[in-house]
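Trainee: Before we look at the picture, could you take me through how the strand pairing is assigned, setting each value against its definition?

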Amino acid sequence: MKPLDMTGQRYGRLMALRLQPERGLQNKTLWLCRCDCGCDAVVDTQSLRNGSTRSCGCLQRETRHFRGSATNMAKVRTKIAKRSIAAVSGHSGTIDTDWDDA
Ligand SMILES: [Zn+2]
């Protein structure tokens, strides 16, 4: 059977560039893909089409990073809340100076 031509098709962050001459596990068709982040990845047709692989791996890395930074985001929101309180309580003159790293 002729392999499906997926050249130029987009799967998540991956764009199928060209069919690879070699086959993967279980004789799977492999595609060279270009990720939005600029990396290349070789992914089998099935993983692309069923959505199990949607990036070179950067998506997973970013998701992990985002989870890790949730605490920092909470800190930033707290700071903004404190600044708002300072502003309404008459300390508007200091609103841009008390942004410390606590
Ligand atoms: Zn990537």
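Trainee: Why are β1 and β2 called paired strands?
Mentor: Two strands pair if DSSP finds at least two bridges between them, and two bridges join β1 to β2, which run antiparallel, so the pair meets the definition. Strands here are DSSP runs of E with at least two residues, numbered from the N terminus. This is a predicted model, in which local features need pLDDT of at least 70, side-chain atom pairs count only at pLDDT 80 or more, and totals for chains, interfaces and linings use all residues. Residues are numbered from 1 along each chain as its sequence is written.

Trainee: Which residue stands opposite L14, and what lies between β1 and β2?
Mentor: Y11 stands opposite L14 in β2, and the two strands form a hairpin with two residues between them, where G12 in the turn has a positive phi of about 65 degrees.

Trainee: How do you know that β2 also pairs with β3?
Mentor: Six bridges join β2 (residues 14-23) to the antiparallel β3 (residues 29-35); A16 stands opposite C33 in β3, and L19 stands opposite W31. This hairpin has five residues between its strands, and Q26 in the turn has a positive phi of about 55 degrees.

Trainee: What makes β1 and β4 edge strands?
Mentor: The four strands form an open, antiparallel sheet in the order β1-β2-β3-β4. Because β1 (10-11) and β4 (40-44) each have a single partner strand, one side of each is left without a neighbour in the sheet.
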